[in-house]
Amino acid sequence: MIHEIQRKAVSGAFILVGLLLAVIVDVVLFVVAVVNGSALLGILSVVAFPVLLFLFFGLFTVNPNEARVLQLFGRYVGTVSEHGLRWANPLYSKKAISLRVRNFETDRSKVNDANGNPIEIAAVVVWKVVDTAEATFEVDDFVNFMHVQSESAVRNLATQYPYDTRDEDQVSLRGNTEGIAEQLQTEIQGRLHKAGLEVLEARITHLAYAPEIAASMLQRQQAGAVVEAREKIVEGAVSMVQMALDGLSSRGIVDLDEERKATMVSNLLVVLCGDKGTQPVVNTGSLYQ
């Protein structure tokens, strides 16, 4: 693998001033040669002029958060990261690579989750180039490489976990957003390390059941919510009945046999667990009549 080599480039301001002065001197010498009829001096000034123009091609600028990858006849020479006007060998090719932070949002992909349910998922990836040599020479197009690998990682992650689950100990795409985001970032980074790219953040931006099953899954979620609510209501009602029986017994308010306790429990559970308000019935006789 080719790794980045930092290279110091000469300040372009001094070179620019020096070249401009050299051009002025060369023009003056050419004029003097023509006036004095000096053929040798004229030839030297004419030859020097294209050389000076060639040296101007060594000047280049490096913007903030940018780098220039230098190559000489296909051989990697180094990377210049110091911003400003710089000068290097005019024969060097100088490819600009942005070091700015970028973000990319994947397309909405339809995949099956761990339970086989079709879902739609998309994510946003925040990334930047950290090794210009690897980004330039290890992959053909590092931007396209990052896009393809990010979408592949999102699809692969979606197949490992269910969309949602009632088990608190099981990881789900909807219920464990922070953990899923960290794993997604790790998986994408593992695919991009050869390209000299660093993933700063990766998060799911869209997560939903596929349209063909969305209505059915909504009914399933509603049914699950109703069952869960009923479980809480019954659990609370049983506790309240137990408290009532214990209170009556400990305070000696009334002595109930097993049949009367069963009737009281039945009545209290109906009142506490019913969806609607109950209508009271006054019994003026005995329970056994």
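Predicted model: local features only at pLDDT ≥ 70, side-chain atom pairs only at ≥ 80, totals over all residues.
I began with confidence: pLDDT is the predictor's confidence in each residue, on a scale from 0 to 100. Residues are numbered from 1 along each chain as its sequence is written, and side-chain values use heavy atoms, with hydrogens and water left out.

**Confidence.** For the protein I found a mean pLDDT of 83, with 83% of residues reaching 70 or more. Confidence is lowest in helix α7 (residues 258-273), at a mean of 68, and highest in strand β3 (residues 66-72), at 94.

**Aromatic pairs.** I searched the whole structure for ring pairs (Phe, Tyr and the six-membered ring of Trp, centres within 6.5 Å; planes under 30 degrees apart are stacked, over 60 edge-to-face, the rest tilted). The search gave 3 aromatic pairs. One of them is Trp127 with Phe142, edge-to-face, at 6.3 Å centre to centre and 75° between the planes. Because Trp127 belongs to strand β9 (residues 118-129) and Phe142 to helix α4 (residues 142-158), this pair ties together parts that are 15 residues apart in sequence.

Tyr163 and Tyr209 make a tilted pair, because their ring centres are 4.1 Å apart and their planes stand at 40°. Tyr163 sits in the loop between α4 and α5 (177-192) and Tyr209 in strand β10 (residues 197-209), so this pair ties together parts that are 46 residues apart in sequence. Both Tyr163 and Tyr209 are buried.

**Helix α4.** I next noted the buried residues of α4, which are Phe142, Met146, Gln149, Ser150, Ala153, Val154, Leu157 and Ala158. They cover an arc of only 170° around the axis, which puts them on the same side of α4; the arc is that of the directions from the helix axis to the C-beta atoms. In general, an α-helix has 3.6 residues a turn, so residues three or four places apart point the same way.

**Strands.** I took two strands as paired if DSSP finds at least two bridges between them. An open sheet of 3 strands runs in the order β1-β5-β2 with antiparallel pairing. β1 (10-11) and β2 (59-62) are its edges, each with a single partner strand, so one side of each is left without a neighbour in the sheet. β8 and β9 pair in the antiparallel sense over 4 bridges, and they form a hairpin with 5 residues between them, where Gly116 in the turn has a positive phi of about 85°.

Phe73, although not a glycine, has a positive phi of about 55°. I located Phe73 in the loop between β3 and β4 (75-80), where Phe73 is exposed, with a relative accessible area of 72%.

Conventions:
Helix = DSSP H or I, 4+ residues; strand = E, 2+ residues; numbered from the N terminus. Buried < 20%, exposed > 50% of the residue type's maximum accessible area, 1.4 Å probe, protein only.
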